[in-house]
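Work through the exercises below with the model open. Each task is followed by a solution in steps.

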Amino acid sequence: MTREIIRAESLDHALELYRADPAHTRFLAGGTQLHRLGGDRKCSREIVLQGVTDGEIRRKDKKTLTIGAAAVFQDLADHPEIPPVLKDACLSAQSRTLRQMATIGGNIAAGLDESYLLPALAVLNARVRVYQEGSTAEEIPVEAFREGLITHVIIPDITVPAVQRRISRSSQTKAAVTAACSWGTEIRAAVSAVRCGLVVLQNTGALLDQGAVRDDQELADLAAGEFDPGDDFTGSREYKQYTAGVLLGQFLRTLIDQKRGG
Ligand SMILES: Cc1cc2nc3c(=O)[nH]c(=O)nc-3n(C[C@H](O)[C@H](O)[C@H](O)COP(=O)(O)OP(=O)(O)OC[C@H]3O[C@@H](n4cnc5c(N)ncnc54)[C@H](O)[C@@H]3O)c2cc1C
């Protein structure tokens, strides 16, 4: 239970407060996960990031986009330069209220199994900038993030064709499967579901590149080699693996059509 809420004065201040007790300290961005019913029971101290991280979205060069960690889903959905796959992922949170509050940094850091954004970000090869002290930062792939203070998300190539889909009973319930696929210089596929969280399918991507896989069942079998979700109320492990295969098949057909200019 939160006992203390402190407004950070700078990135260094936020980091110092966090490092004093990382097990019980959380950063407060939009608060939609941290203050959600059930909340985060380990959290006794919240560090307010407002005014310390920004939500600016800017082009670094022709292809690279830098997004401030405080950008909310609705900002991303409305911005002309955000890749369509990331806009779709943001809009899969159907509540506009939620989209006005939930930040990209908070979504990555929360690292939920049913994350709205992680599969799309992973197939875009997104990287996160994690603040160190004294204005230094380390940049790591989004799927490698475990802890720290995220200041920016970098999309290295916004022109890469990519698609994503979230399968759930309603937008507010847990997703059974969220999957995404991109086709730039190589095919990159990512799936997430309960228990296994985000999985970037290394072998599937390589095999698809070689054109060795054709139908949904083959794709499902292939995905199952790397994607091992749990059973829950959204479906069984086998249902999720098969669904992942079906989605990958659909994605590939869409991406092939896009490549042909269809
Ligand atoms: C009804 C409902 C349904 C939801 N369903 C889903 C869902 O299906 N999928 C999903 O992904 N989310 C879901 N959420 C959770 C939430 O809306 C999103 O994950 C959101 O993106 C979290 O962002 P936030 O800014 O609100 O984070 P916060 O709640 O402020 O923080 C969440 C976590 O991220 C950390 N954090 C925040 N900012 C940073 C930062 N800059 N650097 C490092 N750590 C940081 C915090 O310490 C905390 O641990 C749901 C929420 C509600 C209320």
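**Exercise 1: the ligand site**

In this predicted model, the ligand sits in the largest pocket.

Task: Find which elements give two or more residues to the shell around the ligand, and describe the shell by class.

Solution.
1. The elements with two or more shell residues are strand 2 (25-28), helix 5 (104-110) and strand 8 (149-155).
2. Helix 5 contributes the most, namely four residues.
3. In total, 29 residues surround the ligand, and the closest are Gly30, Thr32, Leu34, Thr103 and Arg166.
4. Sorted by class, the shell holds 15 nonpolar, 10 polar and four charged residues.

**Exercise 2: backbone contacts and cover**

Task: List polar backbone atoms that lie within 3.5 Å of an N or O atom of the ligand, then state how much of the ligand the protein covers.

Solution.
1. A polar backbone atom of Leu34 is 2.7 Å from an oxygen atom of the ligand.
2. For Tyr116, a polar backbone atom is 2.9 Å from a ligand oxygen atom.
3. A nitrogen atom of the ligand lies 2.9 Å from a backbone N or O atom of Ile150.
4. On its own the ligand has 980 Å² of accessible area, and the protein covers 91% of this.

**Exercise 3: positive phi**

Task: Locate Ser135 and Arg195, and decide whether each is buried or exposed.

Solution.
1. Ser135 is in the loop between strand 6 (127-131) and strand 7 (137-141), and its phi is positive, near 65°.
2. Arg195 is in the loop between strand 11 (187-193) and strand 12 (197-200), with a positive phi of about 80°.
3. Exposed means over 50% relative accessible area.
4. Ser135 has 64%, so Ser135 is exposed.
5. Arg195 has 57%, so Arg195 is exposed.

Methods. Residues numbered from 1 in each chain as written. Predicted model: local features only at pLDDT ≥ 70, side-chain atom pairs only at ≥ 80, totals over all residues. Heavy atoms only, no water. Near = heavy atom within 4 Å. Polar contact = N/O pair within 3.5 Å; in protein donor to acceptor, adjacent residues only side chain to side chain. Areas by Shrake-Rupley, 256 points an atom, 1.4 Å probe, with all protein chains shown as cover. 1 Å grid on protein atoms, 1.4 Å probe; cavity = no way out; pocket = protein on both sides within 12 Å on 5 of 7 lines; lining within 4 Å. Sits in = over half its atoms within 2 Å of the grid points. Nonpolar A, V, L, I, M, F, W, Y, C, P; charged D, E, K, R; others polar. Buried < 20%, exposed > 50% of the residue type's maximum accessible area, 1.4 Å probe, protein only.
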